[in-house]
Amino acid sequence: MSALAVPLTHHPLWSALQTQALQFEEDGLTIAALFRADPARAERFSASAAGLFMDYSKHLLTPDILEHLLQLAEAAQLPAAIAAMFNGERINNTENRPALHVALRNGRADSAEERQVQDTLARMERFVAAVQGGEWRGHDGRAIRNVVNLGIGGSDLGPAMAYAALGAFHHDALRCHFVSNVDPLHLETTLATLEPSTTLFVIASKTFTTLETLLNAQAARQWLLQGGVPEAQLWRHGAAVSANVAKAVAFGIAPENVFPLWDGVGGRYSLWSAIGLPLALGTSMAHFRALHAGAHALDEHFRNAPLPRNLPVLLALLALWYGNFWGAQTQVVLPYAQPLLLFPAFLQQLDMESLGKQVRKDGAYLDTQSGAIVWGSAGTNGQHSFHQLLHQGTHLIPADFIAVAQSSSANHDMHRQLLANCFAQSQALMHGKTLEQAEVELLQQGLSPEQARALAPHKMIAGNRPSTTLVLDALTPQSLGALVALYEHKVFAQSVLLGINAFDQWGVELGKALSTGIHAALSAPEPSTHFDASTNALINRVKRE
């Protein structure tokens, strides 16, 4: 499917939305006032799918604005783009590939690709059963107790996030660890409390050429050898996930322990592939399949739900609205569930690597904002650090709150306190505190009128800050799968609206290519003179230390 012939900024609806955004501000409309005018607003601006409930009523949004945004999605041919992705068309135009991550979780075996997926899942299931059941053992016959995943980017962020999120589902006798950084301290501190005889490494690299991953793999190999593992038995302590089987085997991985990847699945969308092997080892293959089932349920929603009730489409339209009509530069993600601590970091790659582009699919420069800067942290920690900026800073920062209705903890009252904080934060962002309210509060505290007037501006909170609240019934493999798929499809829908390719990442390659020459200069005995003055000075300074 081809991209829209002209940017959406040329469409009359774009001008209409610009006018509505200006009018919203000029009229002094507030989200709180919209609630007073429409008692049914919370119901009108909410939707649910696949065990997720989304309240998007606390937004700078009227029914007319939403209708125009939905019409804009139709003008961008979003329904046809969704169909094209699910039909396996080559929507990644710069690499001439389809985007096949949805095929990894549909459970079908109709095509050759789908049969390969099911074959790989079956191989994973046998391997996971062998390791967890004690049939697969280390070189000295002891059972595997620790799995260390060596990967970076999508080969690390997805499984690491999901493993942390599914703590209630961890295997009793196996623990997973994730090493990504080329900083040797990352691997060394991880291995400090592990035993070589009971440790299994999973080397996750699509090309098996990723510098950071291979350096860590070589260091892990030396650790095993120094720990008494005979070289002929190293294969008992290694598996690989890669599209380059030959290189993995040449490294020393047994061919039957190399699990394949496909060109049509980008790193940030690869959790559903064999990249999820450490997650399956650390929980169970049944839980990994449940993760797939939850994502597939959201896939079907995205594919079939009408745009006005389509959760990923609504999130994409809100992102477009704030980024291009309100000047918002960032998006904060606030999971009020400690197991989702790594979810904002996972979303950073998913969103910023996909939408951080400067040209449209046709090569023309964007005349819109691209994706937002995504950041965040688990609540309630953020309330005691950066929420001050959300409430009283000068930036407009849309917020996504993520809450879990039922906790796996038995301490129900503490969980209710957590939920109370989550809902209170979105309420405070919307309502704020007027100058008059601040002054009255200070007078009631015993301050003189002069003191109250002087202090009130510092305690005033503007409010009218937009937020979405997502509620999961419980944090399970199914709901986590649906949550990840929700944001995957939000990113894709937003890319269609902007006219960009969400599935390449050429900007990542430049720094990787340059680092090779700089590494050589750092290793050479003579001073560096080949680069710009700043880079030469940095290299030479480090070499003198």
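With a relative accessibility of 1%, M161 counts as buried, because buried means under 20% relative accessible area, exposed over 50% and partly exposed in between (1.4 Å probe, protein chains only). The model is a predicted one, in which local features need pLDDT of at least 70 and side-chain atom pairs count only at pLDDT 80 or more, while totals for chains, interfaces and linings use all residues. Residues are numbered from 1 along each chain as its sequence is written, and side-chain values use heavy atoms, with hydrogens and water left out.

M161 is placed in helix α7 (residues 154–165); helices (H or I, at least four residues) and strands (E, at least two) are DSSP runs, numbered from the N terminus. When its neighbours within four places in sequence are left aside, M161 is in contact with L342, F343, F346, L480 and V484, where contact means heavy atoms within 4.5 Å. The C-alpha atom of M161 is separated by 29 Å from that of A428, and these two residues are 267 residues apart along the chain.

An open sheet is formed by six strands in the order β1-β2-β11-β10-β8-β9, with mixed pairing; two strands pair if DSSP finds at least two bridges between them. The edge strands, each of which pairs on one side only, are β1 (46–49) and β9 (373–376). On average, and with direction ignored, neighbouring strands of this sheet are turned by 20° against each other. Strands of a sheet pair through backbone hydrogen bonds, either parallel or antiparallel. In the case of β1 and β2 (residues 52–55), the strands run antiparallel and are joined by four bridges, and S48 has F53 in β2 as its bridge partner.

Helix α19 (residues 477–498) lies across β2, β10 (399–406) and β11 (467–474), and runs at about 155° to β11; axes are lines fitted to C-alpha atoms, for helices over the stretch in contact, and angles run from 0 to 180 degrees between N-to-C directions. From its first C-alpha to its last, α19 reaches 32 Å with 22 residues, close to the 32 Å expected at 1.5 Å a residue, the expected span of a helix being 1.5 Å times one less than its number of residues. This helix is mostly covered, as 21 of its 22 residues are buried. Just after α19, G499 takes a positive phi of about 80°.

A further helix pair consists of α1 (residues 12–26) and α4 (residues 63–75), which pack at an angle of about 155° with their axes 10 Å apart. The angle makes α1 roughly antiparallel to α4, since angles under 35 degrees count as roughly parallel, over 145 as roughly antiparallel, 65 to 115 as roughly perpendicular and the rest as oblique. The contact is made by L13, W14, A16, L17, Q20 and F24 of α1 together with D64, I65, H68, L69, Q71 and L72 of α4.

Q77, in the loop between α4 and α5 (78–86), has a positive phi of about 60° although it is not a glycine, and its relative accessible area of 34% makes Q77 partly exposed. N96, in the loop between α5 and α6 (112–133), likewise is not a glycine but has a positive phi of about 55°, and N96 is partly exposed at a relative accessible area of 48%. The peptide bond from G379 to T380 is cis, with omega near 15°, and T380 lies in the loop between β9 and α15 (387–392).
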